[in-house]
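Please look at the sequence and the model shown below, and keep both in view while reading the report that follows.

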Amino acid sequence: MSMLEAYTEARATHLYVKRFLAAEAIDASGCKQKRDKGTPQGGVISPLLANLYLHEAFDSWMQEKFSELPFERYADDKVVHCVSEKQAYFIKNRIEGRLKLFGLTLYPEKTKVS
């Protein structure tokens, strides 16, 4: 919410996003489930909130700390263009540490240096 509040002062937006984030989920059997973190999978504003969060957690940080390295991000997928394998592993470790500060995790099976 603090990231959203930095981008807009619209009280109605704050109210609706808070409600959205607190909404219960419905599992495959149709039962309600309480959620305690993140945005609901498949929620209409989940992609918007994820992009806002990752812009702060990743994009801005990369531009500030590693402006010489081109990168792309599509949703939660990231590609960082490095000049060597050593640099790639260094950046991967730095990204992992940065995302951890925001409660996010890199999944080893999806994270590759190539």
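## The segment after α4

Thr105 is found in the segment after α4, the helix of residues 85–101, where helices are DSSP runs of H or I with at least four residues, strands are DSSP runs of E with at least two, and both are numbered from the N terminus. Thr105 is exposed, with a relative accessible area of 56%; in this report buried means under 20% relative accessible area, exposed means over 50%, and partly exposed lies in between, using a 1.4 Å probe and protein chains only. Thr105 and Gln87 are 18 residues apart along the chain, and their C-alpha atoms are separated by 20 Å.

## What kind of model this is

This is a predicted model, in which local features need pLDDT of at least 70 and side-chain atom pairs count only at pLDDT 80 or more, while totals for chains, interfaces and linings use all residues. Residues are numbered from 1 along each chain as its sequence is written, and side-chain values use heavy atoms, with hydrogens and water left out.

## The chain as a whole

The chain holds four helices and four strands, and their order along the sequence is α-α-β-β-α-β-β-α. The C-alpha trace spans about 50 × 40 × 20 Å along its principal axes. The radius of gyration of the chain is 17 Å, whereas a compact globule of 114 residues would have a value near 13 Å; this radius is taken over C-alpha atoms, and the globule rule is 2.2 Å times the number of residues to the power 0.38.

Of the 114 residues, 22% count as buried. The chain exposes about 8,600 Å², of which carbon and sulfur atoms supply 55%, the areas coming from the Shrake-Rupley method with a 1.4 Å probe. Among contacts between residues at least 6 apart in sequence, 34% join residues at least 24 apart, a contact being heavy atoms within 4.5 Å.

Strand β3 (residues 71–74) and strand β4 (residues 77–80) run antiparallel and are joined by four bridges; two strands are said to pair if DSSP finds at least two bridges between them. Across this pairing, Phe71 stands opposite Val80 in β4, and Arg73 stands opposite Lys78 in β4. In a regular strand the side chains alternate between the two faces of the sheet.

Glu72 has its place in strand β3. Leaving aside residues up to four places away in sequence, Glu72 touches Asp77, Lys78, Val79 and His81. Is Glu72 buried or partly exposed? Glu72 is partly exposed, because its relative accessible area is 42%. The C-alpha atoms of Glu72 and Phe20, which are 52 residues apart along the chain, are separated by 28 Å.

The phi of Ala75 is near 55 degrees, which is a positive value in a residue other than glycine. Ala75 is partly exposed, with a relative accessible area of 40%.
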